[in-house]
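Hello,

Here is the structure I promised to pass on to you. Please open it beside this message and follow along as you read.

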Amino acid sequence: MGFALLLRNLRLKAQGRPNAIDAMAALKHELMKERKRRAEAELEASTLRRRLSRLEKPRDPQGRYTTTRGAATCETFSQQPNGWPKAT
């Protein structure tokens with residue numbers, strides 16, 4: 001059955017008429033192009049998300065900017081060690 005189908009499709013191709021093999025190959029090609037387009041779009045989106053998150057400064061629960069380790073970068077008076085004398 002497979003050989004007879006191949007012969008029929010080759011005969012149709014020789015006559016210049018559409019056949020199932022060419023139609024299926026064209027369909028697979030279109031599917032491959034669509035998958036590639038979607039993969040490239042997803043890669044671009046994830047790259048942009050990563051770059052954007054790198055530019056955003058993280059904040060602690062009080063809303064102060066923090067470093068990547070999570071410690072606050074701004075100093076307040078209460079963060080001084082208690083054992084040291086205050087400069088006057």
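Below are some notes on what was found, starting with the chain as a whole.

This is a predicted model, where local features need pLDDT of at least 70, side-chain atom pairs count only at pLDDT 80 or more, and totals for chains, interfaces and linings use all residues. Residues are numbered from 1 along each chain as its sequence is written, and side-chain values use heavy atoms, with hydrogens and water left out.

The whole chain

The chain has two helices and zero strands. Both terms refer to DSSP runs numbered from the N terminus: helices are H or I with at least four residues, and strands are E with at least two. Buried residues make up 7% of the 88 residues in the chain. Here, buried means under 20% relative accessible area, exposed means over 50%, and partly exposed is in between (1.4 Å probe, protein chains only). Accessible areas come from the Shrake-Rupley method with a 1.4 Å probe, and for residues only the protein chains shown count as cover.

Helix H1 and its surroundings

Helix H1 covers residues 2-14. Its 13 residues reach 18 Å from the first C-alpha to the last, close to the 18 Å expected at 1.5 Å a residue. That expected span is 1.5 Å times one less than the number of residues in the helix. Just after H1, Gly16 takes a positive phi of about 80 degrees.

Leaving aside neighbours within four places in sequence, Asn9 is in contact (heavy atoms within 4.5 Å) with Asn19, Ala20 and Ile21.

Ile21 also belongs to a nonpolar patch on the surface, together with Phe3, Leu6, Leu7 and Leu10; the patch has about 490 Å² of accessible area. Patches are made of residues with over 30% relative accessible area and no salt bridge, joining like charges within 9 Å and nonpolar side chains (Val, Leu, Ile, Met, Phe, Trp, Tyr) within 5 Å. Helix H1 gives the largest share of the nonpolar patch, four residues. Leu10 is found in this helix and counts as partly exposed, because its relative accessibility is 48%.

Salt bridges

Side chains of opposite charge can pair when their charged atoms come close. A salt bridge here is a side-chain nitrogen of Lys or Arg within 4 Å of a carboxyl oxygen of Asp or Glu. How many salt bridges does this rule give? The count comes to four.

One of them joins the side chains of Lys33 and Glu30 (3.5 Å, N to O). These residues are three apart in helix H2 (residues 20-55), so about one helical turn separates them. Lys33 is partly exposed, with a relative accessible area of 43%, and Glu30 is partly exposed at 45%.

Glu34 forms a salt bridge with Arg38, with the closest N and O atoms 3.0 Å apart. Both lie in helix H2, four residues apart, about one turn of the helix. Glu34 is partly exposed at 28% relative accessible area, whereas Arg38 counts as exposed at 55%. Salt bridges that share partners join Glu34, Arg37 and Arg38 into one network.

The side chains of Glu42 and Arg49 also meet in a salt bridge (3.5 Å, N to O). Glu42 is partly exposed, with a relative accessible area of 47%.

Enjoy exploring!

Best wishes
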